[in-house]
Amino acid sequence: MAKFYSKKKLAPQMILPKKETISFLLNYSKALSTYKIGNISIEIIAN
Amino acid sequence: MANLVLSDAVLVKNYISRDDESALASLIERHQSKIYGFIYSKVNDRNLSDDIFQDTFMKVIKTLKTKSYNEEGKFLPWVIRIAHNLVVDHFRKSKKMPFQRETEEYSIFNYMADNSQTIECQIIKNQVEIDLARLLDELPDDQKEVLIMRMYQDLSFKEIAETTGVSINTALGRMRYALLNLRKVIEKNQIILTN
């Protein structure tokens, strides 16, 4: 019986950012406050 | 019970108007794979992709919080555009200061060799020059004079002939005998003058 050659296509790996990166972004968003005074935008990051 | 899937537009609106942090978390979770995958496809480095992903969303968060974002139902394309611009910025910066990783096949030192002599070679060279100067002293004055003018002062035979008041053929002859006598002295004393 003839050999059956086929290229197995691997399912594409879903790559994701690190959990620490996501965690940082969510904390950053919670800590960031912005205020607009006239044309000036002030960003405050609370510790 | 049907799960309510909120659209990007609603999530963005909730985030901006109500400071709903869970809306941001949903947006990130929904699109992280596409955005991160896009970045990684360009830079091919996980750590760098994380950095650019982080910078991308920091810009997104700032823009949303300062209410500078116009909702037109194109949240994902907008974020991808930010990521794309940051990738371009990265390549522009790295072009100015290219980072070369040394691998087995490629070493920067194959192309940027230090051509200066080692200390050992320098010492040997100095010793050879000292020995050669001693050997020159063994030669007759007229031969020594021609040899020094030719090898150390880089004069042409015409200039040597004019300076010493002899014909060019005489200058050439003195040079020939100087070299022959030098070789004899070197062989006789078994001196090694190679570096």
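Let me start with Leu155(B), which sits in the loop between α6 (141-152) and α7 (157-164) of chain B. Helices here are DSSP runs of H or I with at least four residues, strands are runs of E with at least two, and both are numbered from the N terminus. This is a predicted model, where local features need pLDDT of at least 70, side-chain atom pairs count only at pLDDT 80 or more, and totals for chains, interfaces and linings use all residues. Residues are numbered from 1 along each chain as its sequence is written, while chains are lettered from A and ligands numbered from 1 in the order in which they are written.

Is Leu155(B) buried, exposed or partly exposed? Leu155(B) counts as partly exposed because it has 17 C-beta neighbours inside 10 Å. For buried, 20 or more other C-beta atoms must lie within 10 Å of the residue's own; 12 or fewer is exposed, in between is partly exposed, and C-beta atoms are placed from the backbone. Leaving out residues up to four places away in sequence, Leu155(B) touches Met149(B), Arg150(B) and Ile160(B). Contact means that the C-beta atoms, placed from the backbone, lie within 7 Å.

Next, the two chains together. On chain B, 18 residues are in contact with 18 residues of chain A. The largest contribution to that side of chain B is from α2(B), with 9 residues.

Last, chain A. Its secondary structure is 1 helix and 2 strands, in the order α-β-β from the N terminus. Of its 47 residues, 6% are buried. Chain A has an average pLDDT, the predictor's confidence in each residue from 0 to 100, of 79.

How values were computed
Contact = placed C-beta atoms within 7 Å.
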